Amino acid sequence: MGIQIIIQTVSAFLAVVCFGLLLEMPKRYLLDAGVVGGAAWLVYLLTDQWTGSNIMAAFASTLVVACISHMFARLFKAPVTVFLVAGILPVVPGASIYRCVFYVIRSGSSLATFYFIETLQIAGAIAIAIFIMDSIFRLIQDNEKRWKKSRPDGNSGTPG
């Protein structure tokens, strides 16, 4: 089972890099975005194995993606969306959307409804995870600004 996880993680990395090339992402961020996508899929697979829930796996992996995206954005002086959009690509519920439409066309209304609800739940988990992580980073940033203002010399106190 371990080799499958490694192969899928590397595949997710490559898929995100190719997605970035397709969308003409700045080349200096391609590998970093690939790392975010690979991490997203690794967390997704591990969480899915542990909990057995696609929704929980999407939530946990999106939390990781959003956190890494915020850190990379500050580290590389780039917009968060460069890493976030590419990073959540492996988590997007494409299979559920496909199955929903497939069963709508084949008149399988109960299965179509099931996959439609699953798609909405996964999309909601992704949105909530992004919101939570964005809020945490915004709180940290606001606290840093307040702390700098409260110092008499205006210095953050960090060396360099």
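**Entry 1: His70**

I began with histidine 70, which is buried, with a relative accessible area of 7%. The model I am reading is predicted. I placed histidine 70 in helix α3, residues 54-76. I then listed what histidine 70 touches, leaving out residues up to four places away in sequence: Val80, Met133, Asp134 and Phe137. I checked the burial call against the cut-off: 7% falls under 20%, so histidine 70 counts as buried.

**Entry 2: Ser69**

I moved to serine 69, also found in helix α3. Is serine 69 buried or exposed? Its relative accessibility is 0%, so serine 69 counts as buried. With residues up to four places away in sequence set aside, I found serine 69 touching Val36, Val80, Phe83 and Leu84. I noted Val80 in the list for serine 69 and in the list for histidine 70.

**Entry 3: the whole chain**

I stepped back to the fold. I counted 6 helices and 0 strands in the protein chain. From the N terminus, the order of elements reads α-α-α-α-α-α. Along the principal axes, the C-alpha atoms fill a box of roughly 70 × 30 × 30 Å. I read that 36% of the 160 residues count as buried. I also looked at contacts between residues at least 6 apart in sequence; 61% of these join residues at least 24 apart.

**Entry 4: α1 against α2**

I looked up how the helices α1 (residues 2-22) and α2 (residues 30-51) pack. Their angle is about 140°, and their axes are 7 Å apart. I noted the crossing of α1 and α2 as right-handed. Which residues make the contact? From α1 I listed Ile5, Gln8, Thr9, Ala12, Phe13, Val16, Val17, Gly20 and Leu21. From α2 my list includes Leu30, Leu31, Ala33, Gly34, Val35, Gly37, Gly38 and Trp41. Leu42, Leu45, Leu46 and Gln49 of α2 take part too. I sorted the contact by class: 14 nonpolar, 7 polar and no charged residues.

**Entry 5: the nonpolar core**

Next I went to the largest nonpolar core, which has 30 residues. Inside this core, Met25 and Phe83 have the most contacts. I wrote down the elements that give two or more residues to the core: α1, α2, α3, α4 (80-87) and α6 (109-150). Which element gives the most to this core? α2 does, with 8 residues. For background, I noted that nonpolar side chains tend to be buried together in soluble globular proteins.

Not counting residues up to four places away in sequence, methionine 25 touches Gly20, Leu30, Ala33, Val82 and Ala86. Gly20, Leu30 and Ala33 were also on my list for the contact of α1 and α2. I came back to Phe83 as well: Phe83 is one of the residues that serine 69 touches.

**Entry 6: Thr47**

I turned to threonine 47, found in helix α2. Threonine 47 has a relative accessible area of 12% and is buried. Where does its side chain reach? I traced the side chain of threonine 47 to the backbone oxygen of valine 43, at 2.8 Å. I then looked across to alanine 57, which is 10 residues away in sequence; the C-alpha atoms of threonine 47 and alanine 57 are 4.9 Å apart. Beyond residues up to four places away in sequence, threonine 47 touches Gly52, Met56, Ala57 and Ala60.

**Entry 7: two positive phi values**

I checked the backbone for positive phi. Most residues other than glycine have a negative phi. Glutamate 24 is not a glycine, yet I read a positive phi of about 55°. I located glutamate 24 in the loop between α1 and α2. Its relative accessibility is 70%, so glutamate 24 counts as exposed.

Lysine 77 also has a positive phi, near 55°, and is a residue other than glycine. I located lysine 77 in the loop between α3 and α4. Buried or exposed, I asked of lysine 77? At 73% relative accessibility, lysine 77 counts as exposed.

**Entry 8: Tyr115**

Tyrosine 115 is buried, with a relative accessible area of 16%. From tyrosine 115 to valine 101 I read 8.7 Å, C-alpha to C-alpha, across 14 residues in sequence. Leaving out residues up to four places away in sequence, I listed Ser96, Arg99, Cys100 and Tyr103 as the residues that tyrosine 115 touches.

Methods. Residues numbered from 1 in each chain as written. Predicted model: local features only at pLDDT ≥ 70, side-chain atom pairs only at ≥ 80, totals over all residues. Heavy atoms only, no water. Axes fitted to C-alpha atoms, helices over the stretch in contact; angles between N-to-C directions. Helix = DSSP H or I, 4+ residues; strand = E, 2+ residues; numbered from the N terminus. Left-handed = near helix turned anticlockwise from the far one by under 90°. Contact = heavy atoms within 4.5 Å. Nonpolar A, V, L, I, M, F, W, Y, C, P; charged D, E, K, R; others polar. Buried < 20%, exposed > 50% of the residue type's maximum accessible area, 1.4 Å probe, protein only. Polar contact = N/O pair within 3.5 Å; in protein donor to acceptor, adjacent residues only side chain to side chain. Core = buried A, V, L, I, M, F, W, Y, C linked by side-chain atoms within 4.5 Å.
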